[in-house]
Amino acid sequence: MVGSAQTGPTASLPRFEPWFNRGGYTLGRYILRRILISFPVLLGITVVTFAFANLAPGDPVTAMIDPMSGIEPGEVEKLKEALGINRPIPVRYFLWLKEVLRGNLGYSYVTHRPVATMIAERLPQTLQLMFTALSISVVLGVSLGIYAAFNQYSLLDNVFTFMVFIGISVPAFFFALLAIYVFSFRIPLFPTSGIKEPLSTLPPIIDRLHHLVLPAAVLGIEGVAGYLRYTRSSVLEVMRQDYVTTARAKGLRERAVRIGHVLRNALLPLVTIVGLSLPSLIGGALFIEVLFSWPGMARMAIEHTLGRDYPVIMGIGLVSATMVLFSNLVADIVYTVVDPRISYE
Amino acid sequence: MEGEEKGRERQALHVSEDLQHMVRGQAVVGLRELIWRRFRRHRLALVSIAIMTVLAFAAIFAPLLSSPNDPYTADLQNLRAPPSQEHILGTDRSGRDMLARILHGGRVSLSVGLIATSIYISIGTILGGVSGYRGGVTDFVIMRITDIVMCFPSLLIILTLVAVIGPSIFNIMIILGFLGWPSIARLVRGEFLSLSERDFVTAARCLGATERGIIFRHILPNVVGPLVVAATFGIAGAIMAEAGLSFLGLGVQAPRPSWGQMLSAATSLTTLERRPWIWMPPGAMIAITVLSINFIGDGLRDALDPRTMLD
């Protein structure tokens, strides 16, 4: 069983084994292998980004030169030469990669500022929004899912199931519009947009929270639906297992069975699901940040797409793909460490 | 005591009925009938089929249904007019009839959904099949490419591609079609891996079936069930993606109507607050369409799940 951590009867299929796989298997080896396997993927991400940068009009090499440095035109030619403008594409790729590894993601066509700096300014707001949304969806989704599973086929269970479908079917931007319409206009509870009130007398943290609630809640809706559905089916699945029957037969109280046996086993795989949810959070943040005028990275991506500012788009793509890869890796490793049932045979 | 006896009897009767049902189900009724029977049990899926039929007809006959209004003519006397007899759903900021635009917008959504999904189902099936059947280095390489594509949040790649090749309905279909395949490839690969180890495939191989025969007659038909389910959810996803892109101004371009693009009128806070007829109906149409397709997918999943095939 190679590749991803999975359980089940289909796990013993013969498969291609890369060199670092041959020999015995231990947890340490599994983790090492999992980390090693990420490197080609990371490299692939940079290749794809570079390919896009080359496809786009304009030149990725020139974009690496600081337009504000006030150098002479002749100097620019020299710098371009150093950056490999006249070299074959593979060479240019490696020169580009070297710049990226040094933290140079190029300069924006529009603002002429370093892309890395622009991203560094915007990323914290996006992370704040995403983590608030993620916490809302995990807490709400998991607790409602547990309730639904323990009360299978009850009225509320059916209502939740229906709401899950609505949650995954209604686009985030429509939810956002409805939320602003209802909670900012009809019942003026929250501000329509922005990150802080210019003349607010509230302490900054309260003001920020006041602005954060609505966008984070809307961004979290899809996640609530996902975690609810996942938790419900996972808990139901575990409740059918023999060891749960055994625990009941031993005379354990229902409460102890549910908490100690059912929930412990049913909720472990959530680690992976949370790790895998990053792409959809980033995708959702695109709309939420635009609609709520939230000054984050995702909104910057949209603004600069409309202005065809390729270095910025590429930079954001590279940063978010790396984040996704890293979170998948962490989720996979954490899962193998916490779940003793996984075999890394 | 007596009651218990009776209960057991009833249970026995029930079992024999089930058995009869099973035998009939296999011998006379046939697979297709069985699947339909199981699908029928999913009430919401049935309702959704009815809704989607109506929507499909509405999209096909949009020009007839919306006459005398058409989606492009501006009625300059009625700019942003609320619903009236003349314009049942009101007009937008250029005085165009909302009902006509919604009906024509349905054409865009449904065709983008169908075409994009067909493209990526084909790509995913081929790559996944090759990967699962060939195994070895081929499998390793294809799967790593899949990993890479899956690492980019798909909307970001779509944005980049739209920026490069420009927004239009045709480009959206192509882009969504060429980016959706990784999950399908994984699904098909998994099915191929487990099916090619099964006894009936070994038997076919022993009987001298050709490779083509094994792939197309023995393995592929067994993959169709999960693929149909994935394709149904895929259509819903593609419709959402198109709506989202058009909403951001990166999809279908005005004056051609699309639900997502019509919804973007609500980014103006005045419209959002005071003129709900301009943005609520297109939003509701997206929600109803995607919800119905997802319910149909759910019904199909229940009906096609081989593990519960004979219940």
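Visitor: In what order do the elements of chain A run from the N terminus on?
Guide: This is a predicted model, where local features need pLDDT of at least 70, side-chain atom pairs count only at pLDDT 80 or more, and totals for chains, interfaces and linings use all residues. Residues are numbered from 1 along each chain as its sequence is written, with chains lettered from A in the order in which they are written. Helices (H or I, at least four residues) and strands (E, at least two) are DSSP runs, numbered from the N terminus, and chain A has 13 helices and 0 strands. So the order, going by those runs, is α-α-α-α-α-α-α-α-α-α-α-α-α.

Visitor: How are α6(A) and α11(A) placed relative to each other?
Guide: Axes are lines fitted to C-alpha atoms, for helices over the stretch in contact, with angles from 0 to 180 degrees between N-to-C directions. Helix α6 (residues 172–186) of chain A and helix α11 (residues 278–291) of chain A have axes that come within 9 Å and cross at roughly 30°. Angles under 35 degrees count as roughly parallel, over 145 as roughly antiparallel, 65 to 115 as roughly perpendicular and the rest as oblique. That is why α6(A) and α11(A) are roughly parallel.

Visitor: How many residues does chain B give to its contact with chain A?
Guide: Two residues are in contact if their C-beta atoms, placed from the backbone, lie within 7 Å. Chain A puts in 43 residues, and chain B puts in 43 residues.
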